[in-house]
Amino acid sequence: MATHHTRMLIIGSGPAGYSAAIYGARAMLEPIVVQGLQPGGQLTITTDVENYPGFKDVVQGPWLMEQMQAQAEHVGTRMMWDTIVEVDLANGSPFRAIGDSGDEYIGDTLVIATGAQAKWLGVPGEQELGGKGVSACATCDGFFYRGKKVVVIGGGNTAVEEALYLTNHSDDVTLIHRRDELRSEKILQERLFGSDKITPLWNKTVERFVAGENGALDHLVLVDTVTGEKSTVKADGAFVAIGHAPATELFKDKLPMDDSGYLMVAAGTPKTKIPGVFACGDVMDHTYRQAVTAAGTGCMAALDAERFLATLDFAETLPEPEAAE
């Protein structure tokens, strides 16, 4: 059991956590990153990345995260292979966290970058065909299906937005929904029904994803939720769009969250309700959820953490007020 103290404690890795670490280290804050169960975040299970600035050719998600981690370490970040299981925020700075290892982490500031994970259907073929036709992000992967047949599974805002986005690349988009009406906002429904590139399939659930001879996705097996009848739909790409689950269980009843469990921050900032605690990346962003936006908010968190510490340091230099006679 050991105690680790830092000016900036970062819980979670990925583009947000690593970017916060890079900026924090360059500000001589000697940050500690507690990487969690999935060091590097969702990009470590992403294959081709074509929309992160700075690379002419497609790069691999795991490689990109390795480079970010190496850069953060190069400028002075300490990486800890541990998972935080308990945090104490009630008494303000410094903040205390306990790792699964039993180690204690003390941070004068706390940056939360625990991310979010896409919700999956949990059916056969889904994980096996990840990166081979099955995805949870049309914005990330839709470009690879230009001129091909694609399907979107879901009926909420995310699903409709993904279907509409995919019409930029495909003239043959099928929306598969388990009910006979959508749950999305009416304006999104109007746009979807007004598109001649999108065909809804009502009252259908996905039983499994099936690969073709080339090992990539070939078709989906569907089940009618009313009749139980099975059918198939051919597809080159399938996008599961049933929402995301932010990793915020650790902060339940300790920080304000919205109805979906995302940490709430002051508009346009990574500042949470507790001074000195900052949230960045997908744990607070349910709108964009991109690597580049996560990295941006990680930068913001580090800059705001540095300013918070500067204010604390200045306050410590002020003389004690004289007692009234």
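Tutor: Axes are lines fitted to C-alpha atoms, for helices over the stretch in contact, and angles run from 0 to 180 degrees between N-to-C directions. The model under discussion is predicted: local features need pLDDT of at least 70, side-chain atom pairs count only at pLDDT 80 or more, and totals for chains, interfaces and linings use all residues. Residues are numbered from 1 along each chain as its sequence is written, and side-chain values use heavy atoms, with hydrogens and water left out.

Student: At what angle do the axes of helix 4 and helix 5 cross?

Tutor: Helices (H or I, at least four residues) and strands (E, at least two) are DSSP runs, numbered from the N terminus. Helix 4 covers residues 157–166 and helix 5 covers residues 186–193, and their axes come within 10 Å. The angle of the crossing is roughly 35°.

Student: Is the crossing of helix 4 and helix 5 left-handed or right-handed?

Tutor: A crossing is left-handed if the near helix is turned anticlockwise from the far one by less than a right angle, and right-handed if clockwise. By this criterion, helix 4 and helix 5 have a crossing that is left-handed.

Student: How many nonpolar residues does the contact of helix 4 with helix 5 have?

Tutor: Helix 4 contributes Asn-157, Val-160, Glu-161, Ala-163 and Leu-164 to the contact (heavy atoms within 4.5 Å), while helix 5 contributes Leu-188, Arg-191 and Leu-192. Ala, Val, Leu, Ile, Met, Phe, Trp, Tyr, Cys and Pro count as nonpolar, Asp, Glu, Lys and Arg as charged, and the others, Gly among them, as polar. One residue of this contact is therefore polar and two are charged, and the number that are nonpolar is five.

Student: Which residues of helix 4 are buried?

Tutor: A residue is buried under 20% relative accessible area, exposed over 50%, and partly exposed in between (1.4 Å probe, protein chains only). An α-helix has 3.6 residues a turn, so residues three or four places apart point the same way. The cover over the buried part of helix 4 includes helix 3 (138–141), strand 11 (149–153), strand 12 (172–176), helix 5, strand 13 (198–201) and strand 17 (237–240). The residues concerned are Ala-159, Val-160, Glu-162, Ala-163, Leu-164 and Leu-166.

Student: Which strands stand at the edges of the five-stranded sheet?

Tutor: This open sheet has parallel pairing and the order 10-17-11-12-13; two strands pair if DSSP finds at least two bridges between them. Each edge strand has a single partner, so one side is left without a neighbour in the sheet. The strands in that position are strand 10 (134–135) and strand 13.

Student: Which residue of strand 13 stands opposite Val-173?

Tutor: Strand 12 is mostly covered, with four of its five residues buried. Five bridges pair it with strand 11 in the parallel sense, and Lys-149 has Asp-172 as its bridge partner there. Strand 12 also runs parallel to strand 13, to which four bridges join it. Opposite Val-173 stands Ile-198.

Student: What angle does the direction of helix 4 make with that of strand 11?

Tutor: Helix 4 packs on the sheet and touches strand 11, strand 12, strand 13 and strand 17. Its direction and that of strand 11 make an angle of about 165°.

Student: Which residue of strand 15 is the bridge partner of Arg-208?

Tutor: A three-stranded open sheet has the order 14-15-16 and antiparallel pairing. Strand 14 (204–211) and strand 16 (230–234) are its edges, each with a single partner strand, so one side of each lacks a neighbour in the sheet. Seven bridges join strand 14 to strand 15 (residues 217–224). Across this pairing, the partner of Arg-208 is Val-221.

Student: Is the disulfide of Cys-137 and Cys-140 left-handed or right-handed?

Tutor: A disulfide is a pair of cysteine sulfur atoms within 2.5 Å, and the whole structure holds one. Cys-137 and Cys-140 form it, with an S to S distance of 2.2 Å. Cys-137 is buried at 16% relative accessibility, whereas Cys-140 is partly exposed at 25%. The torsion about the S-S bond is about 70°, so the disulfide is right-handed.

Student: How far from the sulfur of Cys-280 is the nearest cysteine sulfur?

Tutor: Cys-280 is buried, with a relative accessible area of 1%, and is in no disulfide. Cys-299, at 15%, also counts as buried.
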